[in-house]
Amino acid sequence: MVSSPEPNALAARRPTSFILDWFYRSVFSKVAVDPAWVREVKELSDAGAVVYVMRSRSYLDFFALSYFVERFGLPAIAFVMQLGLWLLEPILRGTFWRGLLGAREPEADALVRAIRTGRSALLFLRAPVAVGARRRGENVSLDHVRWLVEEQRRRARPILLVPQVIVWGRNPDSVETGVLDQIFGRPDYPGQLRVFAQFFWYLRRAILRAGDPLDLQAILAENAASEEPLDDEALVNRVHWILVSRLDRERRVILGPRIKSPDRTLEEVIRHPHVRAAIEEASKREDKPVELVMRQARSELVRLGARPAPWLFPWAERVMDAVFNRIYDGIEVDEDGLRRIRDAARSGPVVLLPSHKSHLDYLLMSYVYWRAGMAIPLIAAGDNLAFWPAGPVLRRFGAFFIRRSFGGARLYTTLVDTYLRKLLAQWTTIEFFIEGGRSRTGKLLAPKVGLLSMVTEAAAAAGANVAYVPISIGYERVVEERSFERELSGGEKKAEDAGQLVESLPRVLASRYGRAYIQVGEIQRFERSSAPEPAPSEPSAAPRSSKRALLERANARRAAVTVLADRVMREINRVTPVTPAALVATALLSRRRGGMPRAELLSHIDALVLELEALGARFAAALAVGYEGGRRPYRVDAIDQVIALLVENKSLELHGPAHDAIYQVPDSRRIALDYYKNNLLHFFVTRSLLASAALASRRDSGPATVAQLREEFDALRAMFAKEFAFDADADREFEQALESACARSDLARDDHAVLIPDAAALERLRFDAGMVRNFIEAWWLSARAIEQFLDGDSVLAKELASKTLALGQRWLLTGELTRREAVTRPLIDRAFAHWRELGVLVGGDSGPQRRTERFEPSAAMSALVAEISRYL
C-alpha cells in the first residue's frame, strides 16, 4: 500500500452516491496497489493525456479503476466508453436519470472534451460475453480509436494509450474450455456473472498493472515518415492490434501462458517428430518392440514433467509467510531487478539462473515471484528430490525432475530437449541452477553448461528470444549449515528422503537464520557464434567437408554457451550483496590466529566496507552503508546483531564486556564461518593473491623487482585458474592490483622495485593474504599427500582424499597447518584435479591415482612442495 498524495484540481473527487461510497470503502480499499503502478501513471499523466484501455467491458473494472485513480490523486476519469459517468452520480440527481434514460452527450464529444480538459478516459476492446455469445465476446467499435487519432492530429501534446490490466484471480488461462466457460465466458474474457464471482473470491489477491503505453503522436509520426504510409482505416486497425497484443502480454506476465493439461503436454511431446524418430532408433538399437519403447518413454515423461496446481499457490503462500516469518528476520529483494525481469517477460520467455546455496532456494524464488505478481517459474530440479512426499508436492508447485547425469541416453535426452522446446515456445518461465548442485563452501561453483546448452538449442528451435537472468540468492545463515560442515569435513552426503525431511523440519523451525537476499544481475542474451561455411570442394570430398563444418558449428556453439555461462557467473558475483555475516567472517578468519579485540574487528570491517564501496559492491540494506548517523559508514548495530547470532549458535566465543570484547572463533566452527567469508571473497581474490605474492617475493638482499612480483603473482594465478574467475587480460589485472595496493600504501613502487613501506603495511598485507591462505594450505596439503602416499604406489582417488583429510587433521594439531577450513573435501578434491591437469597425477577423477613419470623422483615432488611453501 502507498499513502495517497494530495489530490490536484484535475483529480478532484466526483460526487458519488452513498451506496458507491460505501462499496468503494468496504471493498476496493482492501486491494493492495503496487506503488510502481501509481508512479508509472503519474509520469504518463505529466507527459500527455492518458487513455486507459481494457480488454473487456466491465462495470466492476470501471468502478475499481475509478476508485484507484481518485484515491492516488491521478487525473480523474472523465469519459468511459459505452458506460458513462452517470453511474457514479447520486440517484436523486437529474444527471443520473438522464444518463439512465439515454440522454447523454455524444461519445465522440465526451471523449474529446475529457482529453482537452486534461482528464483521463477509459476504453474497452471487447464487449462482455453473454449467454450463447462467442466465447471471447464481441469486438466493440473502433470509432473511439479513430476519434483519438483525429484529435492527436489537432494537438501538440501526445495522447498515451495505456493498456490496463486488473486481474481478480491468479489461475492461468486454459487452452481447453468447459461448459461453464461457454456459458459465462472464459476467465480471460469473462461475462458479468463470472467477473463478480472472481471479484468476491479473489478480492485480496487482485493485481493492478499497466502495460507499455502506446504514444499516438509517435505512431502518427512513424506512419507519416514511412515509404508506404497506412490509410486511416489500416492505421486504426494497427493501433487496435498493438493494444490487444500488449494487454495479452501483460496478462501473460501475471498469469503465465495458457496452460494445457499435463496429459495433453505429454501426448504432444510423444508425438513430436524428433521423439518418434528417437523411439524408433532406440527400438532398433536395443532390439525392442516400438510399443515397449513408447511405454518406457511415456513413463520417463511422467517422471520428468511438472504438474502445477495453481489453485494450491494461494494456500502455499500462507504457509510460506508463516515459515519465512518464523525463521528469517526479513527477505531483501531487488525490486528494480524484478521490474527488469517483468519487462523482459513481455517480449519473450525468461530463464532464471540463480546461484544455489540451499534447498530453500526452490521455495524462496517462487515465493518472491508470486508475491511480485508474476507467474511462478517451472523449476528444473535434480531427481534426488523426487522422493515421496517432497517430489509430488514440488511437482504440483512447478518442479520438473531431471537426472543428474544423462549418461549418453539418447532417448531421454530427446525427451528433455522436446519438453524444454514446448515450454519455451509458449513463453513459460524456466528456472534452473547453473552450478548444478548446492555450494557447500559459499563460493560459486564452476557452471554446469549441459542444461544451459540444451535450453539455448531448444530456444533456437522454438524461435524464442530468451532472456537469461543471473540471480544471486544468499542467506545470513543457511539452514544446512551443520550438514555442510559434516560433508566438508569428509562425511558422506546423505541421500534426501522423507526421514531426513521429518527429522530436520522441527530443528529448522526452531532456529533463526537472519535475513535472506535476492539480487538480480543484468539480463543476458545468447550470442550465437557462426561457424564458417565449408569451402567449395570436389564431390568426393563433400561429405568430409560437411562433417568438418558440422563439427566447427558444434564447437562454436559450445564456445558461445561457455561465454554465456561465464557472463552469468560474473553477474551473479557482481550483484551478490555484502552481508554483515560476510564482513564479520572475513575479518575474523583472515587474521592469523587467536582472538580479535572489538576495536580491531571494526577497524578491519571499516577497511573492507570502503574497499567494497570503491568496487561498486551491493550491500545488505541492514548495513545502511553510507548513512550519516554515526562515526562509521555503516550501522554497527547490524554487525552486533550478527555477532549475537553467531554467539547463539556457538560459531563465535565472546570474552569480556560487550563494549570491549575479544572475539574468538572455535577451531571446530571455522568451516561454518568460512562459508560466509567465501560469499564476498571474489571481490578480493586479486588483491589477496597480490599480497601473498608480495610476501613471498621479499628478499633478504633487498626489495623485490616488479618482474619478480609479477612472476609470483602469475604462479598463484595459474595455481587457482579453475578456482576463481580472473580477468582475461592478465597484464591489466596485475597493473590494476598493484596500482590499488600502492594507493592504499600497502606497497610502494620505486622505479623497478616494489617494497613494503612499514610495519603497518606488512600487517595489512598479511591480513589480505589471509583471505586465500586456506586455499594455499589445501594445495600444499594435497602436494604433501602425493609425496607421502604415492611414493611408488597407486591409491584410489576416494582413499587418497580420506588419507589426506586425516593427515590434515593431524597437522592442524601439530601446527603445520593453521586453517581448519583448508582441510575440507571439496578443496582437496579440486587440488588433486589441479595436479592432474598439471601433469603431476594420472588416474582420472575416481580411479587409482599415481604420480606421473616426471614427478616420480622424490626430488621433483619435494621441489613442488617447497614452491608452494613459499606462499605460507
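**Notes on the predicted model**

1. The protein's secondary structure comes to 34 helices and 24 strands; helices (H or I, at least four residues) and strands (E, at least two) are DSSP runs, numbered from the N terminus. Please keep in mind that this is a predicted model, in which local features need pLDDT of at least 70 and side-chain atom pairs count only at pLDDT 80 or more, while totals for chains, interfaces and linings use all residues. Residues are numbered from 1 along each chain as its sequence is written, and side-chain values use heavy atoms, with hydrogens and water left out.

2. Of the 872 residues in the protein, 53% are buried; buried means under 20% relative accessible area, exposed over 50%, and partly exposed in between (1.4 Å probe, protein chains only). Among contacts (heavy atoms within 4.5 Å) with a separation of 6 or more, 77% join residues 24 or more positions apart.

3. Now to the cores, where a nonpolar core is a set of buried Ala, Val, Leu, Ile, Met, Phe, Trp, Tyr and Cys residues joined through side-chain atoms within 4.5 Å. The largest has 129 residues, and Leu583 and Trp835 touch the most other members. Helix α31 gives this core its largest share, 10 residues. A second, separate core holds 67 residues, including Phe79, Ala114, Trp168 and Leu255.

4. Tryptophan 835 deserves a look on your screen. Apart from its neighbours within four places in sequence, Trp835 is in contact with Trp779, Ser782, Ala783, Ile786, Val840, Leu841, Leu864 and Ile868.

5. Helix α31 (773-789) is mostly covered, with 14 of its 17 residues buried.

6. On a 1 Å grid over the protein atoms alone, a cavity is a set of points where a 1.4 Å probe fits but cannot get out, and lining residues have an atom within 4 Å of a point. Grid points are joined across faces, edges and corners, and a volume is the space filled by probe spheres set on the points.

7. The largest cavity has a volume of about 80 Å³. Its lining has 13 residues, and Thr441, Asp674, Asn678, Glu821 and Thr824 lie nearest the centre. Helices α26 (670-677), α31 and α33 (825-838) each supply at least two lining residues, and the largest share, three residues, comes from α26. The lining divides into five nonpolar, four polar and four charged residues (Ala, Val, Leu, Ile, Met, Phe, Trp, Tyr, Cys and Pro count as nonpolar, Asp, Glu, Lys and Arg as charged, and the others, Gly among them, as polar).

8. Serine 688 sits in helix α27 (residues 685-696) and is buried, with a relative accessible area of 1%. Its C-alpha atom is separated by 4.7 Å from that of alanine 769, 81 residues apart along the chain. Leaving aside neighbours within four places in sequence, Ser688 is in contact with Asp768, Ala769, Met771 and Val772.

9. Two backbone angles are worth checking. Tryptophan 427, in the loop between α18 (410-425) and β13 (430-431), has a positive phi of about 65° although it is not a glycine. Trp427 counts as partly exposed, at 27% relative accessibility. Serine 745, in the loop between α29 (730-743) and β20 (748-750), also is not a glycine and has a positive phi of about 65°. At 39% relative accessibility, Ser745 counts as partly exposed.

Notes:
On a 1 Å grid over the protein atoms alone, a cavity is a set of points where a 1.4 Å probe fits but cannot get out, and a pocket is an open set with protein on both sides within 12 Å along at least five of seven lines; lining residues have an atom within 4 Å of a point.
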